[in-house]
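Here is a short report for a reader new to this structure. Look over the sequence and the model first, then read on.

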Amino acid sequence: MSVVFQKPHALTDVPFHYCPGCTHGIIHRLVAEAIDHLGIEGKTVGVAPVGCAVLAYNYFACDMIEAAHGRAPAVATGCKRANPDNVVFTYQGDGDLASIGTAEIVHAAARRENITVIFVNNAIYGMTGGQMAPTSLPGQVTQTSPYGRDVKTVGYPVKVCEMLAQLDGAAYLERVAVNNVKHVRAAKKAIEKAFRNQLEGKGFSLVEVISSCPTNWGMTPQKALEWVESDMIPYYPLGVYKDITAKEEG
């Protein structure tokens with residue numbers, strides 16, 4: 001009997017700790033599939049965040065480093081500059097990257113560091129109990145915004161791809177989602193391209209993945225995926241926000 005579907009080699013056999021319906025597992029698999037397809041597991045170094053994916057070092061078979069909260073791009077910068085032949089990626093949530101780590105991600109992009117960033121945006125602080133995040137939607141109910149996010153007092157959500165697209169140093173920025181098969185396939189292509197850009201020395205690449213958090217959203221997994229489609233994607237439109245490689249190829 002032929003094998004038609006199996007676990008990527010770049011993932012370990014350790015069971016994920018994520019909540020039922022969480023899409024971190026899908027994103028982990030897409031990253032691992034990209035590593036497998038490009039044949040780079042032996043020279044890849046991942047940088048794990050503080051947040052729901054804090055245990056990512058248990059799941060990827062490549063070398064992994066644990067960074068302090070928000071500092072993954074700085075750690076990745078040091079790792080890549082010390083060992084330029086390595087393939088270095090960070091895996092970060094919205095609280096890690098877009099709040100305490102804002103300075104790190106902005107300046108890594110501005111310097112066009114030749115690293116790959118996987119940015120998981122589920123619009124909430126997941127690991128710490130569901131507080132409002134920099135990416136929480138206007139009116140979104142969280143533990144720290146029980147009446148909904150009030151933009152008059154706390155401001156508007158941070159749109160990372162749109163913000164980084166203004167920097168000359170950013171090479172490739174794309175926002176994808178993993179709430180249905182079509183979007184998962186597009187996300188896989190984007191993640192693989194972000195890694196290939198690094199292999200080709202193109203510079204800073206970031207893929208923002210719109211993700212779900214059924215537990216902290218107070219929804220069933222199915223309703224959470226529907227909410228991604230009906231609420232998150234309209235506010236965070238999918239697509240390529242910058243791609244210098246497209247200009248070069250054109």
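## Phe 89 and its surroundings

Start with Phe 89. Leaving out residues up to four places away in sequence, Phe 89 touches Val 31, Ile 35, Thr 44, Val 45, Gly 46, Val 47, Phe 60, Cys 62, Met 64, Thr 116 and Phe 195. This is a predicted model.

The largest nonpolar core has 33 residues. Phe 89 is among those with the most contacts inside it, together with Val 31, Phe 60, Ile 191, Phe 195 and Val 207. Several elements each supply at least two residues of this core: helix H1 (24-38), strand E3 (87-93), strand E4 (116-121), E5, H7 and E6. H1 gives the most, with six residues.

A second core is separate and has 23 residues. Val 45, Ala 67, Val 88 and Leu 206 are included in this second core.

Strand E5 covers residues 172-177 and is mostly covered, with six of its six residues buried. In a regular strand, side chains alternate between the two faces of the sheet. In E5, Tyr 172, Glu 174 and Val 176 point one way. Leu 173, Arg 175 and Ala 177 point the other way. All of them are buried.

E5 pairs with strand E6 (residues 205-210) through six bridges, and the two run parallel. Ala 177 stands opposite Ile 210 in E6. Between E5 and E6 the chain crosses through helix H7 (residues 181-199), and this β-α-β crossover is right-handed. Strand E7 (residues 239-243) is joined to E5 by four bridges, and here the strands run antiparallel. Lys 242 in E7 is the bridge partner of Leu 173.

## Glu 104 in helix H4

Glu 104 lies in helix H4 (residues 102-110). Its side chain makes a polar contact of 3.2 Å with the side chain of Arg 71. Neighbours within four places in sequence aside, Glu 104 is in contact with Gly 70, Arg 71, Pro 73 and Ala 74.

## Cysteines without disulfides

How many disulfides does a search of the whole structure find? It finds zero. Take Cys 19: its closest cysteine sulfur, in Cys 22, is 6.5 Å away, so it is too far for a bond. Cys 19 counts as partly exposed because its relative accessibility is 39%.

Cys 213 has its closest cysteine sulfur in Cys 52, at 5.9 Å, which is also too far for a bond. Cys 213 counts as buried, at 10% relative accessibility.

Key
Residues are numbered from 1 along each chain as its sequence is written. This is a predicted model: local features need pLDDT of at least 70, side-chain atom pairs count only at pLDDT 80 or more; totals for chains, interfaces and linings use all residues. Side-chain values use heavy atoms; hydrogens and water are left out. Buried means under 20% relative accessible area, exposed over 50%, partly exposed in between (1.4 Å probe, protein chains only). Two strands pair if DSSP finds at least two bridges between them. A crossover is right-handed if, with the strands pointing away from the viewer, the path from the first strand over the helix to the second runs clockwise. A nonpolar core is a set of buried Ala, Val, Leu, Ile, Met, Phe, Trp, Tyr and Cys residues joined through side-chain atoms within 4.5 Å. Contact means heavy atoms within 4.5 Å. A polar contact is a pair of N or O atoms within 3.5 Å; within protein, one must be able to donate a hydrogen and the other to accept it, and residues adjacent in sequence count only if both atoms are side-chain atoms. A disulfide is a pair of cysteine sulfur atoms within 2.5 Å.
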